[in-house]
Amino acid sequence: MKWNSIRTKVLVALAACLLVGVCGILTLMHYSFERNSQVMAAESVTGAQKLFAILEAREISKMTAVSELLIVNPPIRDAFAAKDRSRLLELTAPLYPKLKSEGITNWMFHTPEPDMTVFLRLHNPPKFGDRLNRFMDKEAARTHAIVVGNELARAGFAVRILRPFYDSHGAVTGYVEFGEELGQFIHAMKSQTGDEYGLLLSKKFVDRQFWADSNAVWKRRDNWNDNPSFVVADKTTATDSIIQFQGDLAAVPSQGKVLERFRDGSFVFVRGIFPIRDAAGNIVGAMFVVRDISGFYLAMRHTQTVLVLLTVGALGLGTFLVLSLLNRLVFRRLERIIVVATRVVGGDYESEIQVTSNDEVGRFEQLFEQFRLVFVELR
Amino acid sequence: MGQLYDLRVKIEEKIKHSGLDAAEVRGKIGLRSGRLIAFISPTTPDDPAAVAKLKQAAKDVLNISL
């Protein structure tokens, strides 16, 4: 290959175009994938946040409706007003299994302020008389209105409602409380979206001993030391490996945050996180969202391969056509001129140049032939 | 004076005995040396650069050292 020939230079230029084209496509596809995976991660966070809010509102509405029924039930109202625990248990215990099957795992009656102790725990009747002293208790006592929100308590992290109970004269006789474990939500969310979820609790709000005890009761591995600032309270996957978060839960923005993309074997995931606040507005935990984008990734790779092959094919064909055309229209005719010119310079003055066309090369052939004739005349 | 012409004569001799296409070989040497061999006469003034170029062209085309 002669590096100073026009043919080589054209070939190199076309090869450079091919390379630039392929690199451009790869860059474009990479950018597109990065952008789309970012959008998908953001959508999964936003979607999960909305779904969580919907589930939360639905369950609050359900618990509120149940509490409405209770406060207008005269036997229950009177038993509670009379602080007749056994009668109250007798009246309400048959309802508890049904409510539990609907997700309401916590059901309590509280005495009125100032003591505000637990009068009856339907989910644990032998245990009563303790004072919980939570934010929601104080708010209910202060406002004598229904208080709703998430509360991290010894029994777990639950969405709760607490409302006052009145006797037949309208005096507050105590409070009734219902609660649903937030951990239940993530399984409902997974069944709706297919994404994986993890419920994280900030260690600042969880008692170490309680965590160890509850893990022992539920025969779960004590995962307290897995992460420096939070514990995984519940998750939809069998493994904690896809739940990776190094930051501080309290610093997660309200609208959520998209985390990095990662691979696990042949699978590609994106993940994000959004905060969960308690009734007092503190960020006590977070929901970790993991979306499998392997299908999207494979489709992107397939498109990328097809595009690269098409580009290589199209540019290869283009290169062949351009070179063939240049060969036919320019190079071969120039070579003929060079051969004749060499012979004329060498003394064969009879070598003629055949003018093959009236294009640029043809005009040059014509001019060269005229020079040759002048040269022969002058000789 | 005459060195260029001597070279021309030696080249012509070599071409004659080589059996190659004379016009083509002379043309190639002319293109490489930048000087038409046919125009070199006994009176052509010597120029060391021209002599060197002609020798090199003869070596490249005919593979001879002059």
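How do strand 9 and strand 10 of chain A pair, and over how many bridges? In this predicted model, the two run in the antiparallel sense, with 9 bridges between strand 9 (residues 267-277) and strand 10 of chain A. One of the facing pairs puts Phe274(A) opposite Met287(A) of strand 10. The two strands make a hairpin with 5 residues between them, and in that turn Gly281(A) has a positive phi of about 95°.

Strand 10 has another partner to look at. Strand 6 (residues 196-202) of chain A pairs with strand 10 of chain A, again in the antiparallel sense, over 6 bridges. Here Gly198(A) stands opposite Phe288(A) of strand 10. As for cover, strand 10 (residues 283-292) of chain A is mostly tucked away, with 8 of its 10 residues buried.

Here are the two pairings in brief:

| Partner of strand 10 (chain A) | Sense | Bridges |
|---|---|---|
| Strand 6 of chain A | antiparallel | 6 bridges |
| Strand 9 of chain A | antiparallel | 9 bridges |

Now for a helix. Helix 7 (residues 208-217) of chain A is hardly covered: of its 10 residues, the buried count is 0. Just after helix 7 of chain A comes Lys219(A), with a positive phi of about 55°.

Finally, the contact between chains. Chain A puts in 6 residues and chain B puts in 11 residues. Sorted by class, the chain A side that touches chain B has 1 nonpolar, 3 polar and 2 charged residues.

How values were computed: Residues numbered from 1 in each chain as written. Chains lettered and ligands numbered in written order. Predicted model: local features only at pLDDT ≥ 70, side-chain atom pairs only at ≥ 80, totals over all residues. Buried ≥ 20, exposed ≤ 12 C-beta atoms within 10 Å, placed from the backbone. Helix = DSSP H or I, 4+ residues; strand = E, 2+ residues; numbered from the N terminus. Pairing = 2+ DSSP bridges. Contact = placed C-beta atoms within 7 Å. Nonpolar A, V, L, I, M, F, W, Y, C, P; charged D, E, K, R; others polar.
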